[in-house]
Amino acid sequence: MTTSDTTTTSECPIILDVKGLSTDFVMKRGTVQAVRDVSFSVHAGEVLAIVGESGSGKSVASLSILQLLQPPGRVVAGEVRYRGQDLLLLSKREMRDVRGNKISMIFQEPMTSLNPVFTIEDQLTESIRTHMKLDKKAATERAIEMLRLVGIPSPEQRIKEYPHQMSGGMRQRVMTAMALSCDPDLLIADEPTTALDVTIQAQILALLADLREKIGMAVILITHDLGVVAESADRVVVMYCGQVVEEATAQALFERPLHPYTLGLLESIPGMEDTEDDGQLYMIPGMVPNPLNLPKGCAFAPRCSWAIDRCASDMPPLVELEDGRKLRCFVDVTAVEPAAPACAPAESAPAGPTPAGPSPAGPASGEVRA
Amino acid sequence: MTEPLISLRNVSKHFTMDRDLLGRTTSVLKAVDDLSLDIYPGETFGLVGESGCGKTTVGKLLVDLYEPTAGEIVYNGVDLAKVSAKERRRYCRDIQLIFQDPYASLNPRMTVGDIIAEPIRVNRLQPVEKIDDRVGYLLNAVGLSANYRNRFPHEFSGGQRQRVGIARALAMEPKLIVCDEPVSALDVSIQAQVLNLLDDLSEEFGLTYLFIAHGLNVVKHISDRVGVMYLGKLVEVAPKRELYRNPLHPYTKALLSAIPVTNPALRTKRILLEGDVTSPIDPKPGCRFAGRCYAKGECVGCACDDEMPPLVEVSPGHFVACYLHPGAR
């Protein structure tokens with residue numbers, strides 16, 4: 001991806017604008033704030049990746065957008081504007097017209113997301129007939145065309161099959177075909193490749209990139225795999241404990257991660273670099289905090305090697321930096337050494353992807369941002 | 001060269017899928033087919049392949065959960081099929097397994113302390129009064145507090161449960177631990193913690209690992225030698241660095257290129273394999289990879305469709321099964 005690409009996508013109109021979205025799960029034991037004041041926008045034709053570990057709220061955010069949340073989950077604040085219209089204010093019936101038509105979703109598990117007692121044909125033509133108002137014959141033709149598009153060999157025969165007759169990669173393709181069958185404006189892909197082998201993953205990612213060029217749809221790619229993000233995303237939103245902690249173009253994020261959590265995630269991936277020494281991997285110390293009992297200040301502070309006193313008491317705001325980057329952190333990690341290197345192997349913590357020397361954008365060493 | 005700790009010699013594991021009226025086998029799933037492999041003391045051998053390639057079956061053969069259909073498993077110079085039941089139990093103690101799914105592999109009704117103490121008690125590895133100390137020691141060894149012994153598995157996160165699974169395997173004082181995708185179900189930041197722990201334990205307890213994974217990047221970090229499996233066959237075996245610098249088999253090359261990299265400078269042209277892994281049920285004769293092989297055209301006059309190429313040594317310690325390499329023809 002080049003810089004010119006970035007400017008062209010950001011000049012495109014915003015099709016989805018999420019503002020201050022908060023989703024709570026109210027339970028007997030307490031309230032889990034799964035999504036806390038999350039804002040992001042998607043431009044037409046762009047791939048926006050939402051990255052985070054399990055429990056970071058990335059899937060709940062996407063379900064909130066499509067209003068597919070199951071109780072006790074409930075959107076408590078915010079707005080989700082799709083082409084100017086707030087989806088949260090739509091009636092159930094109006095929402096049905098949007099789902100699967102304008103905005104569609106690929107679910108995480110290809111094994112369980114298809115109905116085992118209906119053929120692929122039944123399942124694919126259902127949404128085509130509903131949204132495109134085609135008759136049965138035309139809908140079947142369209143379904144076959146979609147299956148061919150996603151690379152299923154001899155689709156005329158495969159369409160008569162049941163899900164159990166297909167492999168995982170094939171089922172994921174069927175899910176993709178279903179999501180794409182009504183030419184959506186926006187595709188939400190929730191971990192579309194997590195359950196798949198690497199070679200099949202490469203096929204599906206290549207397919208998504210190809211289709212995006214052909215149909216010109218925008219994609220929200222939800223994943224925990226930073227490798228997948230680096231390969232296919234234009235912009236990245238990093239989530240931790242229900243909040244956005246960093247937002248940047250993919251290129252900027254991988255070249256110069258600014259949030260300690262992003263830095264840790266990138267460092268802890270076993271690399272493919274040809275190094276002589278495969279010593280210890282960098283680890284983020286500790287664990288994700290209990291969502292029922294989040295820390296008072298920054299949610300990442302207890303695991304952060306850069307944390308200062310203020311991090312434990314105040315929540316850092318999401319600040320907009322240069323080039324549309326956003327960051328939720330008091331400390332400038334490119335300028336300050338981690339305070340507690342004892343938690344992490346000394347040689348890998350401060351080095352790594354951050355460029356050596358003081359960064360021109362960041363404040364001088366020891367200075368604090370915000 | 002030192003003697004291998006354990007050797008698989010031409011081991012096959014076939015499962016009968018279908019029989020005819022007279023009970024004769026008509027359809028066979030060849031999960032592992034004529035596979036030979038040596039694992040040396042103290043090394044970590046990484047075994048890589050896609051789902052359905054038979055890597056887990058190899059692990060289960062090693063821990064004696066499956067009996068081989070053909071071939072022999074030799075441990076410390078003894079053929080396992082020929083030893084007495086008593087010696088066999090001794091062997092089972094030496095080889096332990098860590099499972100893939102930390103949510104399914106711990107009994108939800110037992111405390112963590114009981115889970116770890118059970119193998120010690122059953123095998124009478126410690127006098128009864130010392131079992132408690134041992135459990136505490138093992139919990140500490142895997143980085144958990146000894147006070148956790150009275151907690152139940154549901155109180156732990158995925159990474160912590162995997163640590164409990166590791167402690168349970170260590171309780172048997174094993175020589176070899178078969179790690180069956182131990183980090184696949186874990187988040188990236190937790191993966192690193194568990195990989196580092198396994199690395200530390202191998203030094204502390206003098207362990208040998210067979211590390212099964214489907215991603216070449218995880219294996220690269222932890223292994224000394226790596227074997228690549230495809231449909232029940234080893235297609236390439238090499239010391240780690242050699243394999244990553246100089247992959248020879250077309251399948252290894254495709255696997256390496258399929259890994260998404262976060263460093264844009266390392267991005268290479270992706271080799272996209274067509275189709276899925278073919279079925280291991282009644283495989284066709286010839287190279288198992290032939291149906292998806294993109295390099296088949298390069299090899300003129302090769303017997304790719306007729307006979308599986310043998311695994312030949314092309315440089316010291318680097319074996320490959322492909323007709324593209326002159327030694328195999």
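Modeller: Before we start, a residue is buried if 20 or more other C-beta atoms, placed from the backbone, lie within 10 Å of its own, exposed if 12 or fewer do, and partly exposed in between. This is a predicted model, where local features need pLDDT of at least 70, side-chain atom pairs count only at pLDDT 80 or more, and totals for chains, interfaces and linings use all residues. Residues are numbered from 1 along each chain as its sequence is written, while chains are lettered from A and ligands numbered from 1 in the order in which they are written.

Biologist: What percentage of the residues of chain B count as buried?

Modeller: Chain B has 329 residues. By that cut-off, the share that counts as buried is 45%.

Biologist: Which helix gives the most to the side of chain B that touches chain A?

Modeller: Contact here means C-beta atoms, placed from the backbone, within 7 Å, and 32 residues of chain B are in contact with 37 residues of chain A. The elements giving two or more residues to that side of chain B are α6 (188-205), α7 (216-222), α8 (240-245) and α9 (250-258); helices are DSSP runs of H or I, at least four residues, and strands are runs of E, at least two, numbered from the N terminus. With seven residues, the top giver is α6(B).

Biologist: And what is the bridge partner of B:Leu47 in β8(B)?

Modeller: Strands pair if DSSP finds at least two bridges between them. Five bridges join β3 (44-48) to β8 (208-213) in chain B, and these two run parallel. In β8(B), the partner of B:Leu47 is B:Ile212.

Definitions and conventions
Contact = placed C-beta atoms within 7 Å.
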